[in-house]
Amino acid sequence: MDTAAVSRETEAVPSHNSPEKTTEKKVVGVRRLKEAMPTPTKTRIFTVANQKGGVGKTTSAVNIAAALAMGGLKVLVIDLDPQGNACTALGVDRNKTPGMFEVLVDEVPLAHTIQKVPGFAALECAPANKELAGAEIAMVSFVARESILKSALLDYMSEREAAGSRLDYVIIDCPPSLGLLTINALAATEEVLVPIQCEYYSLEGISLLMETLGKIRKALNPLVRVSTIVLTMFDSRTRLANDVADDVRRHFPQELIDIPIPRAVRISEAPSFNQTVMTYDASSPGAIAYLGVAREIAARGVVGESVSRTEGVKYP
Ligand SMILES: Nc1ncnc2c1ncn2[C@@H]1O[C@H](COP(=O)(O)OP(=O)(O)OP(=O)(O)O)[C@@H](O)[C@H]1O
Ligand SMILES: [Mg+2]
């Protein structure tokens, strides 16, 4: 993609003060790709998980979500990490609405937490408020505590569907642990997206994640599986990064999206401007790579998991 592929369209939104006066319009800029992405046959729910910290979970969650939304799809990001990094990157105020703590602990409907992400036509976020850090302890005595998110999400998805505005993608950003928050996400999802940082020890944690998934399949959710692997912070100049990438290719040929996300300054700068790299610098290599990954995810959602994938762009 080049810059020309992203157009800054404008949508006229009626002013809140004078809904009747159609001449008075507030203009809001919305980023859209010229080439739309295919709509999945049903809502696809991804949990972005890896118990290792700092591997690019949040960065991948928000940028893939942003790219899918720019492709014309309806996307919800659930920030399930008390750190609230996804909220920061999406420019969502964690204190404005109830958050995931209230959803999980106080049975507040997910719909009450939803905030629109500025600058996108159909990207929403359910924020992680600070109280979420205490949710795992608060939930310990609850009945069916592992499936609370699943019921809340299913209710919200049904509401959206009934309103004729079905969600295309739900992307859940998890904390770096396999505790009750992550288990709630894994119980609610069919697809797990695992970001793997191309560094030493990267693959070691994956076996623990796979073991946990095996237990969740038996006890809670027979359908959950790792469907997607993304290589993050890839530095093609290092032998180690290439070796890790080769290992992942060998072990996960179906799951890997072979468009490594380069280690890139623009990606790490974007959150400090409350943005994803998709809006912060859409023509930067990081944004182009995340766009490629999102397109591939969208393409797989249409052809079905067993059909071969389109060929990925490889970084030199
Ligand atoms: N491709 C990249 N290039 C450069 N920096 C990156 C890239 N991807 C992520 N980062 C930076 O690395 C750090 C960790 O990334 P991120 O927060 O996405 O990881 P995480 O797995 O969500 O972390 P945590 O486990 O704490 O939730 C952040 O400062 C982020 O800006
Ligand atoms: Mg994170």
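**A guided reading**

Mentor: Let us begin with a loop: Ala144 is found between helix 4 (135-139) and helix 5 (148-162). Helices (H or I, at least four residues) and strands (E, at least two) are DSSP runs, numbered from the N terminus. This is a predicted model, in which local features need pLDDT of at least 70 and side-chain atom pairs count only at pLDDT 80 or more, while totals for chains, interfaces and linings use all residues. Residues are numbered from 1 along each chain as its sequence is written, and chains are lettered from A and ligands numbered from 1 in the order in which they are written.

Trainee: What is the phi of Ala144?

Mentor: Most residues other than glycine have a negative phi. Ala144, although not a glycine, has a positive phi of about 50°. Burial is read by counting: a residue is buried if 20 or more other C-beta atoms, placed from the backbone, lie within 10 Å of its own, exposed if 12 or fewer, and partly exposed in between. Ala144 is exposed, because it has 10 other C-beta atoms within 10 Å.

Trainee: Where does Asn274 lie?

Mentor: Asn274 belongs to the loop between helix 9 and helix 10 (277-280). Its phi is near 55°, a positive value in a residue other than glycine. With 16 other C-beta atoms within 10 Å, Asn274 is partly exposed.

Trainee: Is Ala241 buried or exposed?

Mentor: Ala241 counts as buried, because it has 22 C-beta neighbours inside 10 Å. This residue lies in helix 8 (residues 239-251). Two residues are in contact if their C-beta atoms, placed from the backbone, lie within 7 Å. Leaving aside residues up to four places away in sequence, Ala241 touches Cys198, Phe234, Asp235 and Ser236. Ala241 and Tyr200 are 41 residues apart in sequence, and their C-alpha atoms are 8.4 Å apart in space.

Trainee: What is the order of the strands in the open sheet?

Mentor: Two strands pair if DSSP finds at least two bridges between them. Here an open sheet of eight strands has the order 5-6-4-7-3-8-9-10, with mixed pairing. Its edge strands, each pairing on one side only, are strand 5 (115-116) and strand 10 (256-257).

Trainee: How many bridges join strand 3 to strand 8?

Mentor: Three bridges join strand 3 (residues 44-48) to strand 8 (residues 191-197), and the two run parallel. Phe46 stands opposite Glu191 in strand 8. Strand 3 also pairs with strand 7 (residues 169-173) in the parallel sense, over five bridges, and Thr47 has Ile172 as its bridge partner there. Both faces of strand 3 are covered: Arg44, Phe46 and Val48 on one side, and Ile45 and Thr47 on the other, are all buried.

Trainee: How many residues surround ligand 1?

Mentor: A residue is near a molecule or strand if its C-beta atom, placed from the backbone, lies within 6 Å of it. For ligand 1 there are 20 such residues, the closest being Lys57, Thr58, Thr59, Pro176 and Ser268. Helix 1 (57-70) and helix 9 (265-269) are the elements that give two or more residues to this shell. Helix 1 gives the most, with three residues.
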